[in-house]
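I opened this notebook to record what I looked up in a structure that was new to me. The entries follow the order of my reading.

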Amino acid sequence: MESIRREYQTIIEENFEENRAAAWRTRDYLLHSSVAYHGRCVRTLQIPKVFTPAVIRHFRDIVDTTFRIFQKVIREYLRNPEYRKLFPFSPELAELILTPCLYDSLLPIARFDIFYNEQNGSFKFCEINTDGTSAMNEDFVLNQALELNPAHQRMLGRHHFTSFELYDSWVQTFLSIYSTYEKRVDHPHVAIVDFLENASITEFEEFQRRFERAGISCEIAEITELSYENHRLLSPLGRPIDAVYRRAVTTDVMAHASRVQPFLQAVKNQDVCLIGAFRTQIIHNKWLFKMLHEEPTLALLDPRERDFVRAHVPYTNLLAEGSADRSRLLREKDRWLIKPLDSYASRGVWAGCDCTEQEWAAHIDDSMNQNYIYQEYCPPFRTGNICFIEEPAEFKDYTNMSGLFVYNGRLAGVYSRLSDGGIISSQYNEKAVPSLVLTE
């Protein structure tokens, strides 16, 4: 991987102004593409992330082991009342988690975000996304934008690359899961459901096109405008919904429960196929990392899985009096980060290494007893890249994070993000680059 990256860098250095001009054309292309919405647009760098087949095989092994562990955790939560008591879910959310979903998938879709060391293959998990898993469209559009990248066009004369297909593969996975649904119909009407004011609407539109291309009627629906009559969940257009592709994250659903009662009643009464069901929250919530290290969970695992957890899941605990040693967190600030127990888009995440002592102390005190966790900070692997849109335009090292898209237990693709800080935050310093696989 480093050899390929150096080839890109050499080409860019030898054709610096050509690549600078191309980077600005790429920026304009992205600003007028489907990755620009809600006043923001994905930012990128000049060198894509190229994975070798060996690394992709390793990613598949990581996904296989992780998914097996997660299935055991979900099954134990569903069957064991004592185990359920160890999770911080409200009675209302616990009721939704325990609602039968009537199909055979425990975790239909997820993205496992990891910090992967390209030199030795070691890695640590950053977080797990289930409900609301996104960014398929960013990888899709960034790969299209490579046509404007002269360094990549020269590399195509030397190497052969492939990209990941994340749309049609999810549609086929979705339909495969639906085929096991006890109340399935031959020609289901699918609704992609979310709070649309914050949604990745252009991504939804592409998924809608792919469902329809597969012969499945599909619409995008505002979750607060659904209705429920005569045991049928109805879309804002009045169409009966047979299956829901849920993009509304659980924390938003619970925060606005009074506004989404028709949706929740249809789910509780098992009158609609919900993919994914609320049981995915067991994995999505950041409490999971703490629970994976606890004996009730370790007892579910075989020796190899226990070693896997200890090696790759960072230590995590509640940032609360009785669970957190404030003086230790202040004394060892570069060892820790803090983040909300249940949030997304890097909101409220702080790494001690990015803060002054005064800033870190303020973040700790503001977040203590406020449903935050503290977690072992894993220094990410860094690789050289260049951003021509920021001055000075020069090569420097960026932290890397690989998001492994998982469709019903199988690796479907990789989302590659970088930043010049200690953490990667979509609100501040995140850059995304297209993911490719060297296939020669």
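The entries below go from the whole chain to single residues.

**Entry 1. Ground rules.** I noted that this is a predicted model, in which local features need pLDDT of at least 70 and side-chain atom pairs count only at pLDDT 80 or more, while totals for chains, interfaces and linings use all residues. Residues are numbered from 1 along each chain as its sequence is written, and side-chain values use heavy atoms, with hydrogens and water left out.

**Entry 2. The whole protein.** I looked up the secondary structure and found 17 helices and 21 strands. Both are DSSP runs numbered from the N terminus: helices are H or I with at least four residues, strands are E with at least two. The radius of gyration is 22 Å, close to the 22 Å of the globule rule for 440 residues, so the protein is as compact as a globular protein of that length. I recorded that this radius is taken over C-alpha atoms and that the rule is 2.2 Å times the number of residues to the power 0.38. The C-alpha trace spans about 65 × 55 × 40 Å along its principal axes.

Entry 3. I then asked what share of the 440 residues counts as buried. The share is 59%, where buried means under 20% relative accessible area, exposed over 50% and partly exposed in between, with a 1.4 Å probe and protein chains only. Among contacts with a separation of 6 or more, 74% come from residues 24 or more positions apart; a contact means heavy atoms within 4.5 Å.

**Entry 4. Strand β7.** I examined strand β7 (residues 189-194), in which 6 of the 6 residues are buried, so the strand is largely enclosed by the rest of the structure. H189, A191 and V193 point one way, and V190, I192 and D194 point the other way. Strand β8 (residues 217-222) runs parallel to β7 and is joined to it by 6 bridges. D194 has E222 as its bridge partner in β8.

**Entry 5. An open sheet.** I traced an open sheet of 4 strands in the order β13-β16-β14-β15, with antiparallel pairing; two strands pair if DSSP finds at least two bridges between them. β13 (316-318) and β15 (350-351) stand at the edges with a single partner strand each, so one side of each has no neighbour in the sheet. Between β14 (residues 336-340) and β15 there are 2 bridges, and L337 stands opposite A351 in β15.

**Entry 6. T65.** I located T65 in helix α3 (residues 53-79). This residue is buried, at a relative accessible area of 3%. Leaving aside neighbours within four places in sequence, T65 is in contact with R304 and F308.

**Entry 7. Backbone exceptions.** I kept in mind that most residues other than glycine have a negative phi, and most peptide bonds are trans. Where did I find cis peptide bonds? One joins I275 and G276, with omega about 0°, and G276 lies in the loop between β12 (273-275) and α12 (281-284). Another runs from E391 to P392, with omega near -5°; P392 is in the loop between β17 (382-386) and β18 (395-407).

I also noted positive phi values. N369 has phi near 65° and sits in the loop between α17 (357-367) and β16 (372-376), partly exposed at 41% relative accessible area. N408 has phi near 50°, lies in the loop between β18 and β19 (410-419), and is partly exposed at 30%.
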